Amino acid sequence: MNQITRHYPAARQEDMAEIRSFVEDSATELGAKPDTVGELVLAVNEAVINIFIHGYQDGPGDVTIELARKNSNLEVRLSDSAPAFDPTTVPPPNMNPPLEQRPAGGLGVHMMRSFVDELSYRRLPDGQNELIMVIRDAI
Amino acid sequence: MEIVVTQEEGRVPVTVFQLKGDLANEEPLRSQATEAYEAGTRNLILDLSDVPYITSSGLRAIHYLFDLLRSDSPEESDQAVRKGIASGQYKSPHLKLVKPSKNAAKALSISGYDMFLEVHKNKKEALASF
């Protein structure tokens, strides 16, 4: 098997534990290295949380998660029907401000960028958002 | 996520939060911490040995605990803490972490939280550090 997909037609933040389990199990089934699996789970978690918070404004919405093995790389495609939101344009947080000014938030995108090798976004012709994450030499 | 709260007596009284499950939300950790603080807790061990993942929301909860526990320590003013972190001398004397999983440790490291929070191998070692 080279690809595993799951569609969540009306997902909410409460479904995140199930989503993390799905990503963990699927990445393992596709042959990803254990270290890679953990990093991917964290990256996807942050991306999907962003969809719920920024896209669906904490309401339910559809999310599709597709994991695919491409040679030795692992690619994850996230698509949703929320208004356009491109997390790749979020500026990296300043991790060295005075402690009291350090943003407690804003870490999600930083974690995504830290755990994957490639992160790209596009708005699809049908109006969906698509976020693609690639981890190289993951298998 | 489940939180088991116990009290330990080292050189100082220490409250232990043993977390079970992913630390993926700010609640219930924030509420539990606030309740403990109002009941007198000033030193806290966060036992992460049963926490597979820490997300950015979980990190926010830890940040809240860190700020809460230093809030009435005049020697830990923002300026003093800032200087201490910059020089690598400062670690929170009030909040200690125990045995994060590999994935939890990655989240702590990526976020820079391990710069100001001690990480111990076990609860005994953490307790002795107060």
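**Exercise 1.** Work out how many bridges join β4(A) to β5(A) and which way the two strands run.

*Solution.* Start with the terms: strands are DSSP E runs of at least two residues, helices are H or I runs of at least four, and both are numbered from the N terminus. Two strands pair once DSSP finds at least two bridges between them. Here six bridges join β4(A) to β5 (residues 129-135) of chain A, and the strands run antiparallel. For one such partner, take A:R123, which is bridged to A:N129 in β5(A).

This is a predicted model, so local features need pLDDT of at least 70 and side-chain atom pairs 80 or more, while totals for chains, interfaces and linings use all residues. Residues count from 1 along each chain as its sequence is written, with chains lettered from A and ligands numbered from 1 in the order written.

**Exercise 2.** Describe how α1(A) meets α2(A).

*Solution.* The axes of α1 (residues 16-29) and α2 (residues 34-55) of chain A come within 9 Å and cross at roughly 145°. Then list contacts (C-beta atoms, placed from the backbone, within 7 Å): A:M16, A:I19 and A:V23 are among the α1(A) residues, and A:V37 and A:L40 among those of α2(A).

Notes
Axes fitted to C-alpha atoms, helices over the stretch in contact; angles between N-to-C directions. Contact = placed C-beta atoms within 7 Å.
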